Amino acid sequence: MKSTFPDTPASLPAVPDDYRLTSTGCGFSLIKKSHAATNARRHFHPWWELLYIAEGDRTFFYANRTLHIGAGTFLCIAPGILHRAVNPAGEVCKLYNVYFADSEEPLSAEDARFSALLPVLEDCEPCVTLRPEMHASIRRLFAHLGQELLAKGRGWQNMAWALLTEIIVMVSRPESAAISAVERAPEMSAGLASLIDWLNAHYTEEVTLSRVSEQFGISASHVSRSFKAATHFGFVEYVNSLRVTEACRLLTGSRLSVLEIAMQCGFGSLTQFGRVFRSLTGTNPLDYRMQNKVEKSEKLM
């Protein structure tokens, strides 16, 4: 099927409207969707992710806010940030995703190409709506990147990294951002945003619906309903996700024992920690630590 995404080099073959390239040989993965729908699971991972909305709209929970993002929006998602795409009924979009991971193995900072790009990624705004005049150029670059990864012609790896670098550098420049801000989704009231900020600061403590109800002077049932409507997380699910996200950071970035990490992250017991951690990551804490070691300089707290 011929691609409906615009303007790719004629010297390369046409590409499908949808593809998922996860073993590219470049150390990063590229996904293209022409009809993206709901991502049913909460989402955090130990690698960088880029999301570019080529057409349409998407509702997206990022860190502590639910945002409504449209065509030309670029998200730069750092490792360990809790996020989830949620598409209400009738909301669809065309998008590109880049994961700096290959077969779920994060790209090492020792990779010379990635290490050169990492400071730019770290300096990027997490969510940018690009100026209208930039949309066609960014879409063209993404389309060309997909062609290179699929065709694998002479020098394709160098070309792929060059294209990806050009995309990120263009997006990172302050003059690339539109004047208008990204819209907060209507479900995310200022009061609920404050509640989420409080949870993000206190999740390592004993956090319950009744405590939050007393803290903010609203009923527990109202907290539960409005929280779910705005974030698409259950209250307990969100708190546990924050705790596990922090536990992942400590498992790979400290020498604390698993028990110490469980207690520091707010879990009541090692058994509870293991059960919740496994449900969210698919593995146990010790195996996660072995699979995701980081540089020694990052391990010493």
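**Figure 1. Salt bridges of the predicted model.** The structure contains 7 salt bridges, and the model shown here and in the following views is a predicted one. Side chains of opposite charge can pair when their charged atoms come close.

Figure 2. A salt bridge connects lysine 94 with glutamate 55, and the closest N and O atoms are 3.7 Å apart. Because lysine 94 belongs to strand E7 and glutamate 55 to strand E3, the pair ties together parts that are 39 residues apart in sequence. Lysine 94 has a relative accessible area of 17% and is therefore buried, the cut-off for this class being under 20%. Glutamate 55, at 28% relative accessibility, counts as partly exposed.

**Figure 3. The pair formed by arginine 84 and glutamate 237.** The side chains of arginine 84 and glutamate 237 form a salt bridge with an N to O distance of 3.5 Å. This pair links distant parts of the chain, since arginine 84 is in strand E6 and glutamate 237 is in helix H7, 153 residues apart. Arginine 84 is buried, with a relative accessible area of 4%. Glutamate 237, by contrast, is partly exposed at a relative accessible area of 24%.

Figure 4. The side chains of aspartate 111 and arginine 113 meet in a salt bridge, at 3.1 Å from N to O. Aspartate 111 has a relative accessible area of 18% and is buried, whereas arginine 113 counts as partly exposed at 33% relative accessibility.

**Figure 5. Strand E3 and its antiparallel partners.** Strand E3 spans residues 49-62 and is mostly covered, with 11 of its 14 residues buried. In a regular strand the side chains alternate between the two faces of the sheet. E3 runs antiparallel to strand E7 (residues 93-99), to which 7 bridges join it; here leucine 51 stands opposite asparagine 97 in E7. Strand E5 (residues 73-77) is also antiparallel to E3 and is joined to it by 4 bridges, with leucine 50 opposite cysteine 76 in E5.

**Figure 6. The hairpin of strands E3 and E4.** Strand E4 (residues 65-70) is antiparallel to E3, and 6 bridges join the two strands. Tyrosine 62 stands opposite arginine 65 in E4. The hairpin has 2 residues between the strands, and in it alanine 63 takes a positive phi near 65°.

**Figure 7. The largest nonpolar core.** This core has 39 residues, and those with the most contacts inside it are Phe28, Phe100 and Phe142. The elements that give two or more residues to the core are strands E1 (19-21), E3, E5 and E7, together with helices H1 (112-123), H2 (132-151) and H3 (156-172). H3 supplies the largest share, 9 residues.

**Figure 8. Helix H7, length and burial.** Helix H7 comprises 19 residues (235-253) and, at 1.5 Å a residue, should span 27 Å; its end C-alpha atoms are 27 Å apart, which agrees. An α-helix has 3.6 residues a turn, so residues three or four places apart point the same way. In H7, 16 of the 19 residues are buried, so the helix is largely enclosed by the rest of the structure.

Figure 9. Leu259, Met263 and Leu270 form a nonpolar patch on the surface and have about 270 Å² of accessible area together. Leucine 270 lies in helix H9 (residues 270-281) and is partly exposed, with a relative accessible area of 42%. Leucine 286 is found in helix H10 (residues 285-291) and counts as exposed at 54% relative accessibility. The C-alpha atoms of leucine 286 and serine 257 are 9.5 Å apart in space, although the two residues are 29 residues apart in sequence.

Conventions. Residues numbered from 1 in each chain as written. Predicted model: local features only at pLDDT ≥ 70, side-chain atom pairs only at ≥ 80, totals over all residues. Heavy atoms only, no water. Expected span 1.5 Å × (residues − 1). Buried < 20%, exposed > 50% of the residue type's maximum accessible area, 1.4 Å probe, protein only. Pairing = 2+ DSSP bridges. Patch = residues over 30% accessible without salt bridge, like charges linked within 9 Å, V, L, I, M, F, W, Y side chains within 5 Å. Areas by Shrake-Rupley, 256 points an atom, 1.4 Å probe, with all protein chains shown as cover. Salt bridge = Lys/Arg side-chain N within 4 Å of Asp/Glu carboxyl O. Core = buried A, V, L, I, M, F, W, Y, C linked by side-chain atoms within 4.5 Å.
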